[in-house]
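Trainee: Can you walk me through this one? I'd like to start with how the parts sit together.

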Amino acid sequence: MNKFARIIGTGSYLPPMVVTNDDLSKTIDTSDEWITSRTGIKERRRVTDESTCDLAVIAANNALDMAGIAPSELDLIILATTTPDKIFPATATMLQNAIGANCPAFDLQSVCAGFVFALTTAEQYIKTGAANKVLVVGSETLSRIVDWNDRATAILFGDGAGAVVLSGSEETGILHSKLFSDGSYLSSLQVNNTRINETGFIEMAGNEVFKIAVSRLSSLAQDTLTACNMTAEELDWMVPHQANIRIISAVAKRINTPMDKVIVTLDKHGNTSAASIPLALDIAVRDGRIQKGQSLLLEGIGGGFSWGSILAKF
Ligand code: ACO
């Protein structure tokens with residue numbers, strides 16, 4: 001049995017093609033001013049011929065490099081994605097093969113909460129001793145399920161990947177996690193296909209999603225701090241799902257956390273669903289903001305709805 005599961009490496013990857021707000025305003029009735037003021041997003045990335053697996057491979061290798069772990073040392077791979085490359089096999093198995101690992105690998109689907117669900121699952125494997133080194137990846141090619149003529153959704157989403165390597169440790173790592181789902185919100189945020197092999201696009205009741213996200217995430221953030229006997233002042237960083245700056249700042253305000261303790265990267269990549277938290281985490285680790293030993297509150301909410309939080313020492 002391991003006492004803690006600790007993050008020992010992070011990685012991320014964004015595909016090179018940039019789509020700015022001005023680019024979008026050439027094809028749909030919107031503007032840089034509207035998108036920036038309502039969402040905080042300035043640009044997003046879009047794959048050309050890269051797959052969800054291709055993005056995951058680069059993010060995973062970056063995380064493995066930072067961790068100093070060879071793929072052969074991994075005991076488990078969990079890939080959180082809403083946009084798997086195929087109905088089967090799991091994109092995680094393609095990732096396993098591409099990086100040269102030989103451990104079990106599975107996909108986990110919990111939309112924008114996918115990374116929090118995957119990290120919590122990985123922590124359970126580590127704490128029971130069933131695994132010692134786990135690669136957790138969030139990778140998305142959401143551009144494939146965005147209706148680029150729908151200005152309500154096309155402005156929000158982007159493609160990308162983020163990854164962490166978790167290891168069993170005596171040193172403090174993940175301290176607390178909590179997950180929730182409520183499937184009664186299906187129609188608020190879903191993909192509108194009726195059969196699994198039919199193309200569908202993201203359909204969203206934006207205002208409703210906004211209100212639910214703020215209320216669920218702020219009460220969860222407060223409950224998480226309370227469960228860890230921590231005050232907001234003791235928290236070093238909030239690393240939220242990068243959906244909308246107004247959701248993020250409303251949650252931060254409700255838990256009395258100043259925005260200079262919140263990692264915000266969505267201006268550069270938009271909402272990348274399951275990839276957004278590890279992407280933001282990796283950017284802030286690599287630019288030196290997040291330091292070893294600091295406390296992190298990760299939280300996310302996703303379609304239809306699932307949501308969750310993790311409090312960890314980095
Ligand atoms: N460009 C210009 N105008 C627009 C656009 C656009 N892209 N989209 C809508 N409008 C117009 C509307 O038609 C409306 O016009 P009207 O007043 O003449 O009727 C006006 O702008 C206001 O529209 P609202 O939908 O009320 O705008 P709102 O302030 O709610 O912002 C948004 C919309 C950005 C989608 C917001 O509701 C939101 O962010 N919701 C959360 C969605 C989200 O983050 N989803 C991600 C998945 S879940 C998650 O990750 C939390």
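Mentor: The centres of domain 1 and domain 2, taken over C-alpha atoms, are 15 Å apart. This is a predicted model: local features need pLDDT of at least 70, side-chain atom pairs count only at pLDDT 80 or more, and totals for chains, interfaces and linings use all residues. Residues are numbered from 1 along each chain as its sequence is written, and side-chain values use heavy atoms, with hydrogens and water left out.

Trainee: Which residues does each domain cover?

Mentor: Domain 1 is 4–169 and domain 2 is 174–313. Those bounds come from an automatic or database domain assignment.

Trainee: How many residues are in contact between them?

Mentor: 56 residues of domain 1 contact 48 residues of domain 2. Contact means heavy atoms within 4.5 Å.

Trainee: And what area is buried there?

Mentor: About 4,000 Å², with 67% from carbon and sulfur atoms. Buried area is the accessible area (1.4 Å probe) that two parts lose on being put together, summed over both.

Trainee: How many salt bridges between domain 1 and domain 2?

Mentor: The count is 0. The rule wants a side-chain nitrogen of Lys or Arg within 4 Å of a carboxyl oxygen of Asp or Glu.

Trainee: How many residue pairs are in polar contact, then?

Mentor: 19 across the interface, both residues at pLDDT 80 or more. A polar contact is a pair of N or O atoms within 3.5 Å; within protein, one must be able to donate a hydrogen and the other to accept it, and residues adjacent in sequence count only if both atoms are side-chain atoms.

Trainee: Which element gives the most to the domain 1 side?

Mentor: Strand 1, with 8 residues. Helices (H or I, at least four residues) and strands (E, at least two) are DSSP runs, numbered from the N terminus.

Trainee: How do the residues on that side divide?

Mentor: Into 26 nonpolar, 18 polar and 12 charged. Ala, Val, Leu, Ile, Met, Phe, Trp, Tyr, Cys and Pro count as nonpolar, Asp, Glu, Lys and Arg as charged, and the others, Gly among them, as polar.

Trainee: Switching to the backbone. Which peptide bond is cis, with omega near 0 degrees?

Mentor: The one from F88 to P89. P89 sits in the loop between strand 4 (76–80) and helix 4 (91–99). The bond from G304 to F305 is cis too, with omega near -10 degrees. F305 is in the loop between strand 12 (295–302) and strand 13 (306–313).

Trainee: Which residue has a positive phi although it is not a glycine?

Mentor: N256, at about 55 degrees. Look for N256 in the loop between helix 8 (245–254) and helix 9 (266–269).
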